[in-house]
Amino acid sequence: MPRYEFRCRACGDTFEVNRSMAAAGEPATCPQGHADTVKLLSAVAFTSRGGSAGGAPAPAGGGCCGGACGC
């Protein structure tokens, strides 16, 4: 279930709420009971199991010529 981060405008507390994506836009009450909250935009990072973008293996070699010339 997705986790959404909120900040209370009344006390400044930042808190997280687990809820379905269908309920993502619903208001949340802060742990101190204040109703004046705003949902924060959170950054999400994804990594592949292969360690490079798209799951493809990382290219071998390197250098200015791709590693074949030994420079």
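Visitor: What makes strand 1 and strand 3 a pair?

Guide: Three bridges join strand 1 to strand 3 (residues 37-39), and since two strands pair if DSSP finds at least two bridges between them, these strands count as paired, running antiparallel. Within this pairing Arg7 stands opposite Val38, and Cys8 stands opposite Thr37. This is a predicted model, in which local features need pLDDT of at least 70 and side-chain atom pairs count only at pLDDT 80 or more, while totals for chains, interfaces and linings use all residues. Residues are numbered from 1 along each chain as its sequence is written, and side-chain values use heavy atoms, with hydrogens and water left out.

Visitor: Which strands are called edge strands, and what makes them so?

Guide: The three strands form an open sheet in the order 2-1-3, with antiparallel pairing. Strand 2 and strand 3 are the edge strands, as each pairs on one side only. From one strand to the next the twist averages 35°, where axes are lines fitted to C-alpha atoms, for helices over the stretch in contact, and angles run from 0 to 180 degrees between N-to-C directions. Strand 1 and strand 2 (residues 14-18) run antiparallel and are joined by five bridges, with Glu16 as the bridge partner of Glu5. Their hairpin has five residues between the strands, and there Gly12 takes a positive phi near 85°.

Visitor: Which residues of strand 1 lie on the covered face, and which on the uncovered one?

Guide: The covered face carries Tyr4, Phe6 and Cys8, whereas the uncovered one carries Arg3, Glu5 and Arg7. In a regular strand the side chains alternate between the two faces of the sheet.

Visitor: Why is the aromatic pair of Phe6 and Phe15 called stacked?

Guide: A search of the whole structure finds one aromatic pair. Phe6 and Phe15 form this pair, at 5.8 Å centre to centre and with 15° between the planes. Rings of Phe, Tyr and Trp (its six-membered ring) pair if their centres lie within 6.5 Å, and planes under 30 degrees apart count as stacked, over 60 as edge-to-face and the rest as tilted, so the pair of Phe6 and Phe15 is a stacked one.

Visitor: How do you know whether Thr37 is buried or exposed?

Guide: Thr37 has a relative accessible area of 17%, and because buried means under 20%, exposed over 50% and partly exposed in between (1.4 Å probe, protein chains only), Thr37 is buried. The side chain of Thr37 reaches the backbone oxygen of Ala28 at 2.5 Å.

Visitor: What makes the largest nonpolar core a core, and which residues are in this core?

Guide: A nonpolar core is a set of buried Ala, Val, Leu, Ile, Met, Phe, Trp, Tyr and Cys residues joined through side-chain atoms within 4.5 Å. The largest one has eight residues: Tyr4, Phe6, Cys8, Phe15, Val17, Ala24, Ala28 and Cys30. Strand 1 gives the most to this core, with three residues.

Terms used
Helices (H or I, at least four residues) and strands (E, at least two) are DSSP runs, numbered from the N terminus. A polar contact is a pair of N or O atoms within 3.5 Å; within protein, one must be able to donate a hydrogen and the other to accept it, and residues adjacent in sequence count only if both atoms are side-chain atoms.
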